[in-house]
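Thanks, everyone. I have one model to show today, and I will keep it short.

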Amino acid sequence: MKTVVEIKNVKKRIGRKEIIHGISTKLYPGEVFGFLGPNGAGKTTMIRMMVGLTKVSEGQILINGHSITTDFEKAVRHVGGIIENPEMYKHLTGYQNLRQYERLFPEKLPAERVDEVVKLVGLEKRIHEKVKGYSLGMRQRLGIAQALLHKPSLLILDEPTNGLDPAGIREIRQYIRRIAKEEQMAVFVSSHLLSEMQLMCDRIGIIQNGHLIRVEKTETLVDSGSHDVLLNAAPLEKVKELLSNRLYQQVENGLIVRAEKDELPELIHHLSKHQIDIYEVTPMRKTLEDSFLQMTEEDQHAYTQTASK
Amino acid sequence: MHTLRLLQNEWVKLIKKPSALIMGVILVALVATLGGGTAYFTEVTAFWEFVADASTLYAVTILFSIIAAGSTVASEFSSGTIKLLLIRPVRRVKILAAKFLVVILYGVLMLFVLAGASLMIGGLLFGFEPLYINEVNMLGDLAETYLLYIGELVIYAAMAFMISTVFRSSSLAIGLSIFLMFTGPQMTMLAGRYEWAKYILFANTNLTQFKENRVLFEGMTVGFSLAVIAAYLVIFAVVSWQVFQRRDVAV
Ligand SMILES: Nc1ncnc2c1ncn2[C@@H]1O[C@H](COP(=O)(O)OP(=O)(O)OP(=O)(O)O)[C@@H](O)[C@H]1O
Ligand SMILES: [Mg+2]
């Protein structure tokens, strides 16, 4: 398949400090790629390198086959983005701002394109007002509008739902998914809002302390956490005895038992054979949040262990 | 013709700032005040004499140009808009050049406002006089003076522009440039006994010294001063360009 972005062993050093430690990944047309990591993980730094705002210390970033370092103009030609907050010229109107970005491209756009993106993000009513008076959510929308102006093949969004209300978040999310599919555009979106990513992304890469520690399909990542079940059964003492070879934890409404999905029927048979009354068996579907926290904690743990050696 | 579009961008950003208009208004008000004062305190004043007097207000236009030059790059950084500006398929040097050209354009526009206001207000207060006095085309003479002012304006604007690009601070750029504009020529006087003093930028900035035949150092010519100014201009440009080109944008 055609790749839109290829990141090859990219490192970033600022002064003596290495902030990004050799990240590699690829993005394909039509996919929404989530870049997930806690504060200070290096998401914004990575994005800044992808759009040429800061230099790549080592490695390569290719966009549509063009290196961002040696072939900047060709590489960014098909990139649209928001980096951190969507800062605009406050003394200009939303419309005048969009015209600014329109004129920064060598080729002229059809006159109606600006109106088109304004409509897409739902800013028609306020577009001729000065940005000074915009709410954060409106600025965010204007930011997305400028990013889409030139129909990029790569859309880079650094925490795009920052400052939007729940309805706005949903709208933008659906919108991003839709245009990614319709326009076969690759979307690179960063966030530390995990629940967000779960609903928006096809694949998720988890970044921690400048390392890309895992890249997975969203389903895989979400499912990988689901090996606990809530078991409500009586008498409890006997259940505990029968499960003594397993990890479990007593909670208010029963036991949380560690068991893979395919082990469940056997487990239930086993319990009923011993005359246990089973009231409830519920798989504890972990959210991405749980797996994320678990993973980054494990990583943190490994990290501190190696550090202390 | 992308360059024109880049110039248009910078022009829109500059001229839509409230300060751009305010500076023009201040300039006209200053000319009017000067005119009122002259009419009130002096017996007879000739039209062309007033126009020449008012032209010394060009220092104010340089001040305004310094303000525009000192904030054009720095304000993109402080507002964060630099991020959206530099991720486009345009080489940074082009954006920088467009910014500088527009600042100069604005400065020249201010000079036009000054000249226009002094001609109008002078005419209203003292009555217009013929174009030729003693067979000298007075308007042409005025234009020549203003042309020399542009030279001075360009070099001060370039200085503020460079400081602003290097330090990304408009207050530093504006403050330092204005300080140098006022103290530079004095400091040059202090160094006056040395041969090299005439190579100091500030010994050459006031180009009207040649028109008025009172040169700072013996043997200086317009050509010499222009060459010195050009040399400094090249240095300012190269420094601004190199710093801007290489800068990691992390705002
Ligand atoms: N200019 C800089 N100089 C020194 N260190 C920097 C610089 N920029 C970023 N860093 C460091 O690099 C690391 C990654 O920062 P980055 O802004 O990329 O994180 P992030 O993942 O975007 O975090 P957040 O979720 O808070 O936006 C942080 O530890 C930060 O302190
Ligand atoms: Mg960030």
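I will start with the ligand in chain A and then turn to the annotated spans of chain B. Keep in mind that this is a predicted model.

First, ligand 1. There are 13 residues around ligand 1, and those that come nearest are A:Asn39, A:Gly40, A:Lys43, A:Thr44 and A:Thr45. By residue class, the shell divides into six polar, four nonpolar and three charged residues.

Which elements of chain A each supply at least two residues of that shell? They are strand 2, residues 17–27, and helix 1, residues 43–50. Helix 1 of chain A gives the largest share, three residues.

Now the polar contacts. The side chain of A:Asn39 places an N or O atom 2.9 Å from an oxygen atom of ligand 1. At A:Gly42, a polar backbone atom is 2.9 Å from a ligand 1 oxygen, and at A:Ala41 a backbone N or O atom lies 3.2 Å from an oxygen atom of ligand 1. On its own, ligand 1 has 640 Å² of accessible area, and the protein covers 65% of that.

On to chain B. An unreviewed UniProt entry lists residues 20–42, 54–75, 96–126, 146–167, 174–192 and 222–244 of chain B under "transmembrane region".

What does the model show over two of these spans? Residues 54–75 of chain B are 86% helix and 0% strand, with the end C-alpha atoms 32 Å apart. For residues 174–192 of chain B, the figures are 89% helix and 0% strand, and the end C-alpha atoms lie 27 Å apart.

That is what I have; questions are welcome.

Definitions and conventions. Residues numbered from 1 in each chain as written. Chains lettered and ligands numbered in written order. Predicted model: local features only at pLDDT ≥ 70, side-chain atom pairs only at ≥ 80, totals over all residues. Heavy atoms only, no water. UniProt positions renumbered as here; feature names shortened; annotations may be inferred. Helix = DSSP H or I, 4+ residues; strand = E, 2+ residues; numbered from the N terminus. Near = heavy atom within 4 Å. Polar contact = N/O pair within 3.5 Å; in protein donor to acceptor, adjacent residues only side chain to side chain. Areas by Shrake-Rupley, 256 points an atom, 1.4 Å probe, with all protein chains shown as cover. Nonpolar A, V, L, I, M, F, W, Y, C, P; charged D, E, K, R; others polar.
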